[in-house]
Amino acid sequence: MRFDASALPLLRELGDLKRISSAERDGSIAERLFLRGWAALAAGNPPVSVMRRIVAAALAAARLGDLDRATLADLGLSDAEALAVLERGFDEVAAGLEPALALELRGALADGAPPAGPVPHFAVQQAGQPRAGVTCPGRPRLLLQPPENHAEHCLMVAVYGVIAAPGYGADATEVFLAGMAHHFHNAAMPDAGFTGEVLLGDLLDRVIAQARERAMAMLDPAVAAPVRAALVPIGGNETPAARAFHAADVIDRVLEIEQHLRAASATMDTVLHTYELVHAGPVKTFHDGVLAEVGLL
């Protein structure tokens, strides 16, 4: 899909995977999918398979959160029942996807997200590396709490990029790899944002190249080769893959800030009526009465 205003609800919903977590699981869903994706890639799994499984899992999680296939099986559902639940969640959000891509990703739900395995150290570093927030040369940093980390951002750019790929005539796997790898340098390089880039000046490219090579060196050369190839075009926007990548990247950067502003500006009327915080049920009338008595309704 070529991104336009109709895509924003889905992109916002997927972006919230950076903020959804659950008991006995470290990090957000987005962070964990990033780590699983890199574990699978580093182990030599075909990138196209990893792309399908990770993006399909992200789309299902947009509505189901951590009610993934393994959890549903642990709670007593049969494999067929668990898959049917995932497909319902997927179908609720996937209507706007390019039909062939949606069919391809839906088919990957049967495989589930790649299993947990040894994670390259650079991916662990990215999960621990906060994003800079809003920076501008000559101005103090605008911090947003809690900050996203580089694993979450890269995962989301990879997912958005796959969704955008058909609209730009791009190869979805190439865009996925670019999204997953485009902040390799921030594994070793703390994020000082736009301000830091300007202050580094002519030294910026050398520092980024050195940091990126440290991450690349942690991959088998056969695994690193397609990653390198996917990163080459994104220095500009001349190729279809580069355009799909940059569309995904800029939208995630802006939506991350919008999420903080949107949450801060929500009103009680929106929470109570649009989102039905106190929703219909046998005791709603009583609940409404209690809230009215204390002045909250």
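This note sets out numbered points on the pockets and salt bridges of the predicted model shown above.

1. Basis. The model is predicted; local features need pLDDT of at least 70, side-chain atom pairs count only at pLDDT 80 or more, and totals for chains, interfaces and linings use all residues. Residues are numbered from 1 along each chain as its sequence is written, and side-chain values use heavy atoms, with hydrogens and water left out.

2. Largest pocket. The volume of the largest pocket is about 1,100 Å³. A pocket here is an open set of points on a 1 Å grid over the protein atoms alone, where a 1.4 Å probe fits, with protein on both sides within 12 Å along at least five of seven lines; lining residues have an atom within 4 Å of a point. Grid points are joined across faces, edges and corners, and the volume is the space filled by probe spheres set on the points. The lining comprises 43 residues, and those closest to the centre are Arg131, His183, Asp191, Glu197 and Arg253.

3. Make-up of that lining. At least two residues each come from helix H10 (193–200), helix H11 (204–216) and helix H13 (240–265); H13 gives the most, with nine residues. Helices are DSSP runs (H or I, at least four residues), numbered from the N terminus. By class, the lining of the largest pocket has 21 nonpolar, 13 polar and nine charged residues. In this scheme Ala, Val, Leu, Ile, Met, Phe, Trp, Tyr, Cys and Pro count as nonpolar, Asp, Glu, Lys and Arg as charged, and the others, Gly among them, as polar.

4. Second largest pocket. This pocket holds about 500 Å³ of space and is lined by 24 residues, with Arg25, Arg36, Asp68, Arg69 and Ala113 nearest its centre. Helix H2 (29–42), helix H3 (47–64) and helix H4 (69–74) are the elements that give two or more residues to its lining. H3 gives the most, with six residues. The lining of the second largest pocket divides into 13 nonpolar, three polar and eight charged residues.

5. Glu13 is buried, at 19% relative accessible area, whereas Arg63 is partly exposed, at 42%; buried means under 20%, exposed over 50%, and partly exposed in between (1.4 Å probe, protein chains only). A salt bridge also links the side chains of Arg52 and Glu104 (2.6 Å, N to O). That pair connects distant parts of the chain, with Arg52 in helix H3 and Glu104 in helix H6 (residues 99–108), 52 residues apart. Arg52 is partly exposed, at 31%, and Glu104 is partly exposed, at 30%.

6. The side chains of Glu148 and Arg131 form a salt bridge (3.4 Å, N to O). Both residues lie in the loop between helix H7 (121–127) and helix H8 (150–168), so the pair ties together parts 17 residues apart in sequence. Glu148 is buried, with a relative accessible area of 8%, and Arg131 is buried at 16%. Arg131 and Glu148 also belong to a network of salt bridges with Asp16, Lys18, Arg19, Asp252 and Glu256.

Conventions
A salt bridge is a side-chain nitrogen of Lys or Arg within 4 Å of a carboxyl oxygen of Asp or Glu.
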